[in-house]
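Thanks, everyone. I have one structure to walk through today. Please have a look at it first.

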Amino acid sequence: MYELRMATLEINNLHAQVAENGERILRGVDLVVESGEIHALMGPNGSGKSTTAKVIAGHPAYEVTDGEILLHLDDEDVADVDADEDQLSWNLLDLEPNERAALGIFLAFQYPAEIEGVTMTNFLRQALNAKLEERAELFEDEDEEADAEEDEGFETSPMEGPADDGEVGVAEFQQILSEKMELLDMDESFAQRYLNAGFSGGEKKQNEVLQAAILEPSIAVLDEIDSGLDIDRLDDVAQGIERLRDEQGTGVLQITHYQRILDYVEPDRVHVMLDGEVVMEGDAELAEKLEENGYDWVREQVYA
Amino acid sequence: MSSDQDHLQQTDTEERFDFKKDSKAAYAAEKGLTEDTIHAISDDKDEPDWMRERRLRALKQFQAMPMPTDWPGQPDLSEMDINEIVPYIRPDIETRGGVDDWTDLPDEIKDTFDKLGIPEAEKNALSGVGAQYESEVVYQNMLEQWEDKGVIFCNMDEAVREHEEIVKEHFMTNCVPPSDNKFAALHGAIWSGGSFVYVPEDVTVDMPVQAYFRMNSEGMGQFEHTLIIAEENSEVHYIEGCSAPKYSAFNLHSGGVEVFVGENAHVQYSTVQNWSKNTYNLNTKRALVEQDGRMEWISGSMGSKATMLYPSTVLKGRGASDNHITIAFAGEGQNIDTGAKVYHNAPNTKSTIESKSISKDGGRTNYRGLVHIADGAENSSTAVECDALMFDNESTSDTMPYMEINESKVDVAHEATVGKIGDEDIFYLQTRGLDDDDAKQMIVSGFIEPITEELPIEYAVELNRLVELEMEGSLG
């Protein structure tokens with residue numbers, strides 16, 4: 001695929017509210033995740049974990065009222081796109097969701113969308129190519145941009161067609177997909193099924209990890225990837241997450257309610273959210289403490 | 001990938017459809033519609049008297065019938081003035097009835113069909129091709145292997161002369177009589193061109209037969225007639241494509257299609273229509289199906305200002321079956337009113353109707369359908385599924401699936417969904433790298449996938465392309 005990318009996600013004093021009704025959800029979140037690390041973001045229902053994930057990805061239902069989300073790229077690792085110095089730090093809040101994806105942000109959804117009629121293969125190949133193309137555009141300097149607009153032709157439809165320059169072709173993609181599916185212990189037939197349509201809860205979660213494996217993000221935010229998984233699948237998914245880190249150097253921000261998945265994927269850091277803020281941080285032991293004492297204990301510690 | 005597909009990929013679809021040529025005509029009827037118009041057409045075609053009589057009778061019926069105005073949600077036809085339409089234009093070609101070699105066509109016509117990719121498609125995947133320019137068929141060709149088996153594929157005017165008895169028996173008699181509706185009557189009066197397909201007993205034509213209709217002149221009407229007769233145990237797939245460039249004055253397309261499906265025969269009729277946005281597209285299409293016969297209608301309705309099209313099937317014989325698949329797309333200022341009609345007039349008959357419609361930027365789609373099960377048509381079954389996808393709150397979609405069930409031992413299933421394209425779905429795809437437009441396009445191509453997967457590959461590609469172009473709002 002393309003070259004390994006190291007990056008740091010830095011969230012400073014993030015405030016966000018529901019766009020529709022002004023309900024304040026995030027009240028100053030601070031968080032740093034680096035490529036190659038696994039972080040757990042824990043907290044009771046309604047503490048703002050999922051909102052944090054959605055705001056990082058750019059969900060239009062939330063309005064950011066203060067703070068910033070920065071993505072710093074490591075210059076040695078963006079050599080393949082010929083980045084200028086000022087292209088090494090991005091404020092994600094200025095970018096569309098697909099542009100964030102192109103820079104290496106991935107969100108695994110708690111409830112992934114079901115898209116009828118679009119096969120996994122077509123979807124993933126198109127997503128991968130869109131990401132590569134968008135990335136080239138983001139790093140393009142302005143002269144090149146003007147050139148590119150001129151010869152912008154007809155885009156290839158999802159019905160195959162000759163691949164444009166730099167695109168991953170059908171055959172090459174099939175191979176990548178088969179390999180990644182095998183690693184996740186997914187049946188070959190998945191490739192021709194419609195995206196998440198009629199998938200069981202567990203299959204959907206496996207599929208989110210598969211997508212991350214194919215799109216090779218520098219930072220993956222996994223929103224309750226462990227919910228609805230039986231033990232066998234939990235094991236497959238956990239191994240998949242570890243491979244993201246070990247083989248692709250992906251930084252993982254794992255949002256979870258329970259400590260269970262952390263037995264499989266040991267976090268480097270644990271952050272605890274309460275009422276829209278990160279109120280406690282620690283290493284893997286913190287998660288165990290939470291498991292024993294519950295979130296009331298956190299509340300007592302923080303508000304004592 | 002076949003080279004056919006390559007060709008379709010490489011030709012820009014928009015360019016292929018929205019271009020116009022200078023009109024050179026050998027004969028053009030005056031605007032408006034009187035008995036004189038009929039005589040002029042009949043004289044020019046040198047028709048037998050019975051056909052002239054039928055035209056004159058149909059004209060009377062047309063004049064006596066009121067315009068349809070009271071259907072709920074129907075397209076507004078009030079701006080359409082039949083007297084402003086040029087009903088008949090014969091292109092300037094020496095050989096009446098068309099040539100059988102593309103190179104013999106005048107350049108302007110040859111260019112048109114080259115741009116549409118028709119000669120290329122013929123080389124690669126078709127049993128026969130007919131191409132109509134304005135009112136007349138300009139090209140007609142059939143592979144020898146089918147001719148040898150007695151298959152006839154010729155233009156309708158030629159059929160009137162060469163196969164007079166069979167045409168006289170079937171032409172607008174008991175399938176689509178002019179009295180069916182006002183536009184069927186209009187069609188009966190001034191029809192011109194179209195295709196005649198005859199498949200003898202026990203012959204399976206295993207490559208599709210294709211016709212392409214093209215309107216090039218401003219303010220004209222096209223009224224081609226298609227007559228398909230499939231005898232016992234035969235099989236044929238007929239494909240029709242239609243287009244017109246954009247002009248300021250409106251055009252009218254009012255075609256007539258009659259299909260006779262013999263015992264245990266199978267006919268598939270596929271059409272992808274892409275009219276310019278000032279065309280009124282008002283058609284009457286019907287099939288009569290004998291015992292154990294099977295009829296399939298596959299329609300993609302794109303473009304036009306207003307479309308009213310409800311292919312219908314009469315299941316006459318025991319065990320006859322019907323399958324309808326329709327897709328409609330309405331953008332700004334368009335009202336696409338389509339549907340299906342099926343009459344179950346015998347026991348053990350079966351029908352399925354699948355309809356998908358997409359509306360965007362204030363466009364309107366309607367599904368208007370009728371399933372009639374006659375008393376005595378026991379053990380019959382029907383399944384109707386209509387899905388509508390809307391892009392925004394300005395667009396409209398209505399579903400009007402009428403059922404008339406006069407028999408109790410039947411199985412009737414009906415499902416309808418109307419939904420707006422989901423913001424969460426779009427966001428999900430965006431987080432995977434697709435921009436807003438590509439995300440919507442992917443959702444739409446998935447929505448129509450059950451239809452495109454039924455089409456021959458080159459038509460599926462074409463349909464997807466047209467949908468993409470519609471979504472970019474770039475088709476004229």
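I will start with chain B, go into one of its helices, and then turn to a sheet in chain A.

A word of caution first: this is a predicted model.

So, chain B. How many helices and strands does chain B have? There are 14 helices and 25 strands. The chain has 476 residues, and 58% of them count as buried. Now take the contacts in chain B between residues at least 6 apart in sequence. Of these, 82% join residues at least 24 apart.

Next, one helix. Find α10 of chain B, residues 182-190. Is α10(B) mostly covered or mostly uncovered? Mostly covered: nine of its nine residues are buried.

A packed pair of helices is described by two things, the angle between the axes and the distance between them. For α3(B) and α4(B), the angle is about 155° and the axes are 10 Å apart. Angles over 145 degrees count as roughly antiparallel, so α3(B) is roughly antiparallel to α4(B). Their crossing is right-handed.

Which residues make the contact? From α3(B), they are Glu35(B), Ile38(B) and Ser42(B). From α4(B), they are Met51(B), Arg52(B), Arg55(B), Leu56(B) and Leu59(B). By class, this contact of α3(B) with α4(B) has four nonpolar residues, one polar and three charged.

Now over to chain A. Here we look at an open sheet of six strands. The order is β6-β7-β8-β3-β9-β10, and the pairing is mixed. Which strands stand at the edges? They are β6(A), residues 105-108, and β10(A), residues 277-282. Each has a single partner strand, so one side of each is left without a neighbour in the sheet. From one strand to the next, the twist averages 20°.

Strand β7(A), residues 219-223, runs parallel to β8(A), residues 251-256. Five bridges join them. For Ala220(A), the bridge partner in β8(A) is Val252(A).

That is the tour. Thank you.

Note on methods:
Residues numbered from 1 in each chain as written. Chains lettered and ligands numbered in written order. Predicted model: local features only at pLDDT ≥ 70, side-chain atom pairs only at ≥ 80, totals over all residues. Helix = DSSP H or I, 4+ residues; strand = E, 2+ residues; numbered from the N terminus. Buried ≥ 20, exposed ≤ 12 C-beta atoms within 10 Å, placed from the backbone. Contact = placed C-beta atoms within 7 Å. Axes fitted to C-alpha atoms, helices over the stretch in contact; angles between N-to-C directions. Parallel < 35°, antiparallel > 145°, perpendicular 65-115°, else oblique. Left-handed = near helix turned anticlockwise from the far one by under 90°. Nonpolar A, V, L, I, M, F, W, Y, C, P; charged D, E, K, R; others polar. Pairing = 2+ DSSP bridges.
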